[in-house]
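Here is a friendly briefing to read alongside the model. Keep the sequence and the 3D view open as you go.

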Protein chains: 2
Amino acid sequence: MPRILHLAGAQMGANQRDGSRAQILERMIALLDQAAAAGAQLVVFPELPFTTFFPRWLLERQELDSYFEREFPGPQTQAIFDRAREKGVGLYLGYAELTEGGQRFNTSVTVAPDGSIIGKYRKVHLPGTEQPRDGARFQQLEKRYFEYGDLGFPAFRGPASWGGPILGMLVCNDRRWPEAWRCYGLQAVELMLMGYNSAAYDPLGGESEDQALRTFHSTLAVQANAYMNATWAVSVAKAGVEDGAGLIGGSVIIDPNGRIVAEAKTLGDEIILAEADLDACRQGKEKMFNFAAHRRPDQYRRIVEQVGAIPPG
Amino acid sequence: MPRILHLAGAQMGANQRDGSRAQILERMIALLDQAAAAGAQLVVFPELPFTTFFPRWLLERQELDSYFEREFPGPQTQAIFDRAREKGVGLYLGYAELTEGGQRFNTSVTVAPDGSIIGKYRKVHLPGTEQPRDGARFQQLEKRYFEYGDLGFPAFRGPASWGGPILGMLVCNDRRWPEAWRCYGLQAVELMLMGYNSAAYDPLGGESEDQALRTFHSTLAVQANAYMNATWAVSVAKAGVEDGAGLIGGSVIIDPNGRIVAEAKTLGDEIILAEADLDACRQGKEKMFNFAAHRRPDQYRRIVEQVGAIPPG
């Protein structure tokens, strides 16, 4: 029996720092309704969808805390869990996690159609800087506001109603790091879920990267890593001009050959849809990327024994 | 002072099993002359350019040995070294290496403009099978005819006349393995050189991959791995119908943003050219892929501790 899963990406337009969380949640629920009406079984939202991308600002503690969730679902997020359960649809949701012990992570969860959380991931590849950069119009302070993810890259199985796919999650910048994908590929992942907020300009200054190039980078990384790990992937943006800062769009659904199956056309709220045949992963997993037959880990030790680049002598 | 290196890829059309090695060498020298006349400083040839891609056949020892080089350069290859030195042009050359001790490798070297060999690589990711497959029209017996490369992924510096680039080499299937690229990225590589012979059909049987899809795979893998390691890349095919078996073309030169700068249009002998600004690698190496700032090797251990995929329990 074919294992078909109906996927949706729910690209979001910009949220504003002075916007209302209730209105953002309403927009998310409208996207969920639209995806469900189109037959989607799993809807992928962006990284940090409930607020503006606050790491662009150096913030006082009180405002910073207002962007974090002490419980998830909690008072300001429960409604989307309720609507998804009502529709029988699963979710990928990012959020800023504040643990009981006071740790902060850039987190995502996968929610099953029954409303239960079946997977949790904490972003490993935090970009940006810990200290604010003098004179920068926009900061990128993820290294200041979050700890590095401590859950590894944990694949998990989706429900039988989805065909029991092996799932993995990433958050934003993680999608550019082949190490992250390979850790899931080594767990035979069939569907990778990820959301992002990616600047439409060089966030560390400089003029050599514009919106078109940065959108190309985003799509290219997901296409190739999906191919090289023989997996489906859904990669979803928060897009548009947020707090005066541009965010790329380019949300995509990619097949295990690395081909674009669905792609957002706008920088606003927009649903993209695809019907994923999970067994299409088998060709790659059993032949070109039959890891057991072809990988040579004895030659890869530099990947774990070295952090930064060391030029030859 | 800008570090500009003039690159050429020398895509080759098919060689035939019953063809003459002298004629193949003549074609290679003609391509070299053409690239040199266009100003190229470094010319990249395909994997195993001097012969047909013999691993498609189950061969008797005598014929097999005729495809291997006991010395390199040797009697049947010296002429291209001589012409390159005469023109002051460097080379990437693949060859089937038979060592004094009787070991066999699928090897490549980089030759400086003075004719000296400045880098050597032995293919790590051997595709195919060790045993012939019953009923297959074409075999893929690299695992039978070669040993796995034992030199790791050794980056090295090119000559000052090239801007002193940090160079790395791969052979064919290696280009699909992000681990291989990352091992060079961790040596701050600025230019990756690789040749290939890639079937235009699924070499392990099956109908789901055709020439267009397999060319797309080849280009995608090089584009994304160049981007993710902020390096230039030259990836060059032996193409066309060889011994009745189709080989993809699609030779490309890729910039450190993963963009295609030059691309072959034919399945025959064809030169592609690009002017590479080596300092264009700096944007990626210093920002997005500043490995020292952003990599998390403690999370990557699965890459070296596991060979094959292990699904979650």
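B:Phe68 is buried because its relative accessibility is 4%; buried means under 20% relative accessible area, exposed over 50% and partly exposed in between, with a 1.4 Å probe and protein chains only. This is a predicted model, in which local features need pLDDT of at least 70, side-chain atom pairs count only at pLDDT 80 or more, and totals for chains, interfaces and linings use all residues. Residues are numbered from 1 along each chain as its sequence is written, chains are lettered from A and ligands numbered from 1 in the order in which they are written, and side-chain values use heavy atoms, with hydrogens and water left out.

**Annotated span**

- The unreviewed UniProt entry annotates residues 5–278 of chain A as "domain: CN hydrolase"; such positions are given in the numbering used here, feature names are shortened, and annotations may be inferred rather than shown by experiment.
- In that span, residues 5–278 of chain A, the end C-alpha atoms lie 7 Å apart, and the make-up is 23% helix and 27% strand.
- Helices (H or I, at least four residues) and strands (E, at least two) are DSSP runs, numbered from the N terminus.

**Two copies**

**Aromatic rings and charges**

- Over all chains, a search of the whole structure finds 30 aromatic pairs; rings of Phe, Tyr and Trp (its six-membered ring) pair if their centres lie within 6.5 Å, with planes under 30 degrees apart counted as stacked, over 60 as edge-to-face and the rest as tilted.
- The rings of B:Phe68 and B:Phe146 are a tilted pair, because their centres are 5.6 Å apart and their planes are at 50°.
- B:Phe68 sits in the loop between α2 (61–66) and α3 (78–87) of chain B, and B:Phe146 in the loop between α4 (142–145) and β6 (156–157) of chain B, so the pair ties together parts that are 78 residues apart in sequence.
- B:Phe146 is buried too, at 5% relative accessibility.
- In chain A, ring pairs join A:Phe54, A:Tyr67, A:Phe68, A:Tyr145 and A:Phe146 into a cluster.
- A:Arg122 places its charged end over the ring of A:Phe105, 4.0 Å from the centre; a charge sits over a ring if NZ of Lys or CZ of Arg is within 6 Å of the ring centre and within 35 degrees of the ring normal.
- A:Thr99 touches both A:Phe105 and A:Arg122, not counting residues up to four places away in sequence; contact means heavy atoms within 4.5 Å.
- A:Thr99 belongs to the loop between β3 (90–98) and β4 of chain A and is buried at 17% relative accessibility.
- A:Arg175 lies over the face of A:Tyr196, 3.9 Å from the ring centre.

**Core**

- The largest nonpolar core has 122 residues, and those with the most contacts inside it are A:Phe153, A:Leu170, A:Leu191, B:Phe153, B:Leu170 and B:Leu191.
- A nonpolar core is a set of buried Ala, Val, Leu, Ile, Met, Phe, Trp, Tyr and Cys residues joined through side-chain atoms within 4.5 Å.
- A:Leu170 is in strand β7 (residues 166–171) of chain A and is buried, at 0% relative accessibility.
- Residues that A:Leu170 touches, not counting those up to four places away in sequence, include A:Phe153, A:Arg175, A:Ala180, A:Trp181 and A:Tyr184.
- A:Leu170 and A:Trp181 are 11 residues apart in sequence and 8.4 Å apart in space, C-alpha to C-alpha.
- Helix α5 (residues 178–185) of chain A is mostly covered, with eight of its eight residues buried; A:Trp181 and A:Tyr184 are among them.

- A:Val109 lies in strand β4 (residues 104–111) of chain A and is buried at 1% relative accessibility.
- A:Val109 and A:Leu93 are 16 residues apart in sequence, and their C-alpha atoms are 5.5 Å apart in space.
- B:Ala112 is in the loop between β4 (104–111) and β5 (117–122) of chain B and is buried, with a relative accessible area of 6%.
- Leaving aside neighbours within four places in sequence, B:Ala112 is in contact with B:Val89, B:Gly90, B:Ile118 and B:Trp162.
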